Structures are given as structure tokens and as C-alpha cells.
Amino acid sequence: MKIFQLQQQLSIAQTILRQLRDPQIQQDRWRFRQNLQRLGALLAYEVSKQLPYQQATLQTGLGSATVANLEQQPVLICVMRAGLPFYEGFLQMFDQADSGFVGAYRQEGANASELDIFLGYSAAPEIAGRDLILIDPMLATGSSLLKVWELLKRHGEPRSLHIAAAIAAPEGLALLQQQLGFPTSFWLGAVDQCLNEQAYIVPGLGDAGDLCYGRKE
């Protein structure tokens, strides 16, 4: 499985990741959402390098040029609610892509071992034979994405599977690598140290959904 991390290269992504983590900057919800969107666009660009292309000749006003077009647009699956601004960054790059949406939330116990993931609303296009990108900004335990994948694969097998997250925990990556049962590429802003007892990523950035849209009851 391929694991790509933006943090391993010096680029503007380092500034975006710093701002996403900064508690002072996080107080501006609009800016937090914009930074998630920008990071999504950068990761979408990286994913695009791995997709199949077809070459063609285009006639301009002054001559002909050799160009390349995506063989087909990928399918984007957004895990709501925190995934919405992150997904918008992908949609900026793959602007003709079909999209699906899955509502996932966690019921929290006293510690990570008591945490359970529930799926609510879901709507997805046909995925059989297509390049599928699952988009969720926080890859913590990996349970949400595993359940989303189990839901989607009932409707066919994609040509390729890509998982995109702003921040990931090693525990979640390990779970997905062991249990997805399908060749997968991971496109990440950063891989952090670990999960704490409440299954939050350390150092992480906090609850991305709350930072985007306010605390939930």
C-alpha cells in the first residue's frame, strides 16, 4: 500500500498544517474551513498524478498541441460532517467528478475501546470499475472509513481505492491496512504520534467538525 505524506516535503502545505493546528487561528471558523479546503486541493493534485490519462492532439489558433486528459473522473466520497470543506478542495481539482456522501458519527465511551461508529445518511454513485477517493480529514481509529468501505463495496469493486486525510494516527492506518482487503493508497497531510484514551489523535488538532461548524450536542 502506498502512503504519501505532505509533511515530509517542505512546501506551503507546512504552513497550512501549522495553521490548522494553531488554537488561536482555529478560533476563526471560516479560516479553519478554508485551510482544510486548501489542504484538500493540494492532496487532490498529488492523487491526480497516479490516475490514468489519455493523450490527444488539440488544435489551437496557431497550431497543434499534445495534451493529456484524465481517462475518467474519480468518484469522491465525503464522510460528513467534518469532511465537507476538505472534500471541497478535492472537488476544485476534480470539478466534473461524481460525488457521494456518508454521515458518520462516533458514540463515545470512557475510553477508545468503548467507542462505536454509526453510519447515518448515505448516497453514492456507481463505483464499479472507477477510481474511488474516500475523503475524511481525521483518520483516527480507522473504524469510520472501514465501515464506509464495507457499505460502498456492496455496490461493486472500484478500479482503485484512495483514502485522503489531513491528519492520521498510526493505529488507524494499521487497522485499515490489515482489514480493508483491497489495494489502497493513502494521501495524508501528516501522520501523528498516537491516539489518546478517548481515541483522539495526538498532537492532532482537536475535533475538526466542531472547529468547522461549532460544538454538537
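The following legends describe an overall view and several close-up views of a predicted model.

**Figure 1. Overall view of the protein.** The chain of 217 residues folds into seven helices and 12 strands. Its C-alpha atoms fill a box of roughly 65 × 40 × 30 Å along the principal axes. The radius of gyration is 18 Å, which agrees with the value near 17 Å that a compact globule of 217 residues would have. Of the 217 residues, 47% count as buried. The protein exposes about 10,800 Å², and carbon and sulfur atoms supply 48% of this area. Among contacts with a separation of 6 or more, 65% are made by residues 24 or more positions apart.

**Figure 2. The aromatic pair of Phe4 and Trp187.** The structure holds four aromatic pairs, and one of them joins Phe4 and Trp187. Phe4 belongs to strand β1 (residues 2–5) and Trp187 to strand β10 (residues 184–191), so the pair links parts of the chain that are 183 residues apart. Phe4 has a relative accessibility of 11% and therefore counts as buried. Trp187 is also buried, with a relative accessible area of 1%.

**Figure 3. The aromatic pair of Trp149 and Phe182.** This pair is tilted, with 5.4 Å from centre to centre and 50° between the planes. Trp149 lies in helix α5 (residues 143–152), whereas Phe182 lies in the loop between α6 (170–179) and β10. The pair therefore ties together parts that are 33 residues apart in sequence. Both Trp149 and Phe182 are buried.

Figure 4. A disulfide is a covalent bond between the sulfur atoms of two cysteines. The structure holds zero disulfides. Cys78 is buried, with a relative accessible area of 0%, and Cys212 is buried with 1%.

Terms used. Residues are numbered from 1 along each chain as its sequence is written. This is a predicted model: local features need pLDDT of at least 70, side-chain atom pairs count only at pLDDT 80 or more; totals for chains, interfaces and linings use all residues. Side-chain values use heavy atoms; hydrogens and water are left out. Rings of Phe, Tyr and Trp (its six-membered ring) pair if their centres lie within 6.5 Å; planes under 30 degrees apart count as stacked, over 60 as edge-to-face and the rest as tilted. Helices (H or I, at least four residues) and strands (E, at least two) are DSSP runs, numbered from the N terminus. Buried means under 20% relative accessible area, exposed over 50%, partly exposed in between (1.4 Å probe, protein chains only). A disulfide is a pair of cysteine sulfur atoms within 2.5 Å. The radius of gyration is taken over C-alpha atoms; the globule rule is 2.2 Å times the number of residues to the power 0.38. Contact means heavy atoms within 4.5 Å. Accessible areas come from the Shrake-Rupley method with a 1.4 Å probe; for residues, only the protein chains shown count as cover.
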